Amino acid sequence: MLQVNQTINDLVANANADMRRFYGKDGTVVAAAPGRVNLIGEHIDYCDGFVLPLAIERYIVVSAKPNGTSEARLHSSDQPEAIVDLSAPQEISNLKWSNYIRGVVKGFNDLGHEVPGFDACIVSSVPSGGGLSSSAALECALATLFEGLLGIALDIREKALLAQKAEHEFAGVPCGIMDQFASAFGEVDQLIKIDCRTSEPEMLPFSNPDLSIIVANTCVSHDLSDGGYASRRKTTEDGIAIIGKESWREATIEDVFAQKTKMGDITFRRSRHVVSEIQRTMDAVTAFKTGDLSNIGQLMADSHSSLRDDFEVSCEELDFMVEIATALPGVLGARMTGGGFGGSTVTLCETKHAQEVGKTMHERYLAKTGITPVIFATRPAKGAHLIS
Ligand code: GLA
């Protein structure tokens, strides 16, 4: 069974109900930003590669009202209230979730904007720890809220980069640009091809109603700041240094094989993933542009195997979910998506089979692992925006 996505209106109503409960008033400025799922191009956004994500119909909504002080007070579901002094330089706090707020405030301060005091409540339909960029959604929602509070509009790229910097400096994850770009640039019925060398997004129509995108959260959690992500990124930097080219975009598979001995096994396999995944993503972009999706299943399968065997960021649960999906009628392709070490898979399937595919994935995954997954379908959704 496919879980139903809450509408933005429902989320806004919930955020305002929380505003009345905690702060005795409705919000006057409301911002929303979506999570993302990546169709292909994994772990290459920090290697100058191409990625092909879309914003999903799962949002973080922040409802806020100015409070006339220089303090921000924020509530988020089960988290303790975060209180941030907006007149002081921002520093990392022990209250982990408040660091996203601090990081985004710092970004605005660096641009010369002073965020006015406000009270806010945050609600979310983006599963956290599900590899669907709930943190990028939070950063982009806050940045959009601050635009609303200040009555300004940043350039979208500037906003996405500001959010990425918050993630680097205040959450300790040296991520690439994919998540924040997807959350900021998302558009209804459009995939976002991002050239991560030039930071250029290009929209690719995805409006065929006969095709559906299914996201399956294995509900096995990961923490990207625990070192696995950073070590992968470091190894790719070693790889390109050994190859001796300025960018992965100039490296070929022959270059990787030529340096195999010098690289050693791990760096060799990580490098092979980068070069092959860049090629697969370019091929997938061609497939979506021409509408000939006959090779998309193979590209997704090869991407998954490469992430599992060469990049080593998959896990049993992800492998199993992909294996279940791939075998089902109506499925074009499936793979793990996002940073890995748990999180979600993405499945492309014919819409007429989507309910049955979701149901079978749910049943078989639960029977094998004892874990109840969260599975939903999504279409490419609208990126970060103000609601009022
Ligand atoms: C995480 C990071 C992204 C990207 C993916 C892997 O989601 O935040 O920048 O590197 O992992 O593709």
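Predicted model: local features only at pLDDT ≥ 70, side-chain atom pairs only at ≥ 80, totals over all residues.

User: How far is an oxygen atom of the ligand from an N or O atom in the side chain of E42?
Analyst: That distance is 2.6 Å. A polar side-chain atom of D45 also lies 2.6 Å from a ligand oxygen, and for the side chain of Y229 the value is 2.6 Å too. The protein buries 97% of the 310 Å² that the ligand exposes when taken alone.

User: Switching to salt bridges, how many are there in the whole structure?
Analyst: The search finds 26. One of them pairs D119 with K25, with the closest N and O atoms 2.9 Å apart. It links distant parts of the chain: D119 sits in strand β6, K25 in the loop between α1 and β1, 94 residues away.

User: And is D119 buried or exposed?
Analyst: D119 is buried, at 1% relative accessible area, whereas K25 is partly exposed at 21%.

User: What about R269 and D265, how far apart are they in helix α8?
Analyst: They are four residues apart, so about one helical turn separates them. Their side chains meet in a salt bridge at 3.1 Å, N to O. R269 is buried at 14% relative accessible area, while D265 is partly exposed at 48%. Salt bridges with shared partners join D265, R269, R270 and E312 into one network.

How values were computed:
Residues numbered from 1 in each chain as written. Heavy atoms only, no water. Polar contact = N/O pair within 3.5 Å; in protein donor to acceptor, adjacent residues only side chain to side chain. Areas by Shrake-Rupley, 256 points an atom, 1.4 Å probe, with all protein chains shown as cover. Salt bridge = Lys/Arg side-chain N within 4 Å of Asp/Glu carboxyl O. Helix = DSSP H or I, 4+ residues; strand = E, 2+ residues; numbered from the N terminus. Buried < 20%, exposed > 50% of the residue type's maximum accessible area, 1.4 Å probe, protein only.
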